[in-house]
Amino acid sequence: MRRLLTVVGVLIAILSVIPVLKSAEEKNSALPEETKEQRDARMKWWREARFGMFIHWGVYSVPAGTYDGKEIAGIGEWIMNRGKIPVDVYAKYTEKFNPVKFNADEWVSIAKNAGMKYIVITSKHHDGFAMFHSKASKYNIYDATPFKRDPLKELSEACEKQGVKLGFYYSQAQDWHHPGGAASGGHWDKEKQDGDMTEYIKNIAMPQVKEILSNYGKIAVLWWDTPTDMTKERAEMLLPLLQLQPGIIWNNRLGGGYHGDTETPEQFIPATGYPGRDWETCMTMNGTWGYKSYDHNWKPVEVLLRNLVDIASKGGNYLLNVGPTSEGQIPEPSVERLKEVGKWIKANGDAIYCTSASPFKRLGWGRCTQKPFDAAQGRPSILYFHVFDWPKDGKLVVPGLKNKINNSYLLTDQNKSKLAVTPGEEGTVVIAVGEKAPDPIVSVVVAEIEGVPDVTVPPLVQESDGSIILLPGDAEIHGSAKVQNSHGKENIGYWTDVSCFVTWKFKVIKPGKFNVEITSACEGKGGSEYTVSVGNESLKGMVDGTGKWDKFKSKKLGVISIPEAGMVELVVKPLNKKNAGVMNLQSITLKPCG
Ligand code: FHN
């Protein structure tokens, strides 16, 4: 009897597994559906992390930006494409790729000490060279170099040991080495590169993605890139492989109409984030992703830190790149900067991790992040004010906050000494923060508030020098034009309809005469006419051709007079249209001139 029960039990177990396997096969074209709760649970660590390290490391670190004695323009990892280096010539660099100074533990520590919670490393970039021991192609760091080690294995072990999440970048479409791989701008070594892309996906991309998702423990992120020629069918050959890593997060660059989990703005911070979508800005620390020996254009710590804060204040993550050398070292200028960022994070991490986007539309002196009330943790509702420009008079003016501030203190003050909070002019709240900024780059003031943040948008006002800066985010668009981001430059675009016009309302405290300056771009010759008016005064302008829709130029339009203090409306109205669009309008500035 007992034996019978065992057999029945085994049969039930087998039968219960079959439908799962079958449905997984049948759903070959997509991933299993998930509820919002399941998705939130999957995204939780990533949303809390806010800061990660991107690593672009490959055989391109050997030429390091120079080919045939010439410095090749552009980003380092593109040297093969930009220099039109023949496949066999480029492949020779593998013989010199021996990164004996590579130390996975050290890299992970650098990231961890900088406050980065995850790492995403190039497992294969567009040059087709695998940075892991691949069985699918001998063109990999283990088989094709004197190094004979698998750095991704070592990194996965170091990440596991140090509690840092690991993700892989994989160039699924562009592959300039294997036949059939796509190449932006077309193949230049046709004999070696031409081939069937679907076969390439089948023989190289699929098996390699399977390898990276099977042989390196828990993989947190798959970062696809440049979906050149990726059809839906090709994307669907790769997509099911993600099931090898339940819980994995993947970005929006697979192609074939798939949007993935995350938006990935590159080298810019979107003005308002991506409401309703998770997003991550990836950025270089100098001007290249992959190592270039002569790129010394390092961003200062101030820029990196304020970027991190700015991104967090808009609800996104910051994936900051390092490009290690062919010896296996993260360049010293990157290490130094990351150390500095780490020092700040150590003291101010509470205002970054597990926070969400600012409830304020704009804060002249800096940014804000927030954390909700949490009864279980005994935490009140908190606003973190990240102050870039510390007030000289020691009074931090918070505009439009309706909630009561129950307690306020400097985040780095161990004693949490209470700061005085008083009502200011016109619905503002003033926090007495003292005259000395605790940090020269970003100082954090904590405000524990009553209830869920409730903020009104205060009117735009003149700057302290009396000028007025009108930006797309504050404009009201009457018609079909819309705010867009062209390589980091926010502007009003898609202005194809001449009946569409744009207005700004702002408050003038110091009236007078103002020089009006407009910053716009227009592909082609330009020539469209428009007016800029305030009250009864009007200036006429003509759009200049700048060659490209994202090449912005400023020009003076003339002088306009605003005789009285109070609320004022400025209107920009096209009169005709000589191009596909009127213009891309980046800003209008009014500067006092008498
Ligand atoms: O072509 C790549 C580039 O080399 C780099 O990897 C970046 C990182 O986001 N992605 C592509 C350009 O969008």
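**Ground rules.** I am working with a predicted model, where local features need pLDDT of at least 70, side-chain atom pairs count only at pLDDT 80 or more, and totals for chains, interfaces and linings use all residues. Residues are numbered from 1 along each chain as its sequence is written, and side-chain values use heavy atoms, without hydrogens and water.

**Entry 1: the ligand.** I looked up which residues surround the ligand. There are 15 of them, and His56, Glu77, His126, Asp225 and Glu266 come nearest. Being near means having a heavy atom within 4 Å. I sorted the shell by class: seven residues are nonpolar, four polar and four charged. Here Ala, Val, Leu, Ile, Met, Phe, Trp, Tyr, Cys and Pro are nonpolar, Asp, Glu, Lys and Arg are charged, and the others, Gly among them, are polar.

Next I checked polar contacts (N or O atoms within 3.5 Å). Histidine 126 has a polar side-chain atom 2.7 Å from a ligand oxygen. For histidine 125 the distance to a ligand oxygen is 2.8 Å. For the side chain of tyrosine 169, I noted 3.4 Å from an N or O atom to a ligand oxygen. The protein covers 90% of the 330 Å² of accessible area that the ligand has on its own (Shrake-Rupley method, 1.4 Å probe).

**Entry 2: the domains.** An automatic or database assignment sets the bounds. I found domain 1 (39–345), domain 2 (366–458) and domain 3 (461–592). The C-alpha centres of domains 1 and 2 are 38 Å apart.

**Entry 3: domain 1 against domain 2.** Nine residues of domain 1 touch 10 of domain 2, with contact meaning heavy atoms within 4.5 Å. Together the two domains bury about 830 Å², 67% of it on carbon and sulfur atoms. Buried area is the accessible area (1.4 Å probe) lost on being put together, summed over both parts. On the domain 1 side, Arg306, Val309 and Trp344 supply 61% of the buried area, more than any other three residues.

I also counted one salt bridge between these domains (a Lys or Arg side-chain nitrogen within 4 Å of an Asp or Glu carboxyl oxygen). Aspartate 310 forms a salt bridge with arginine 367, with the closest N and O atoms 2.7 Å apart.

Terms used: Polar contact = N/O pair within 3.5 Å; in protein donor to acceptor, adjacent residues only side chain to side chain.
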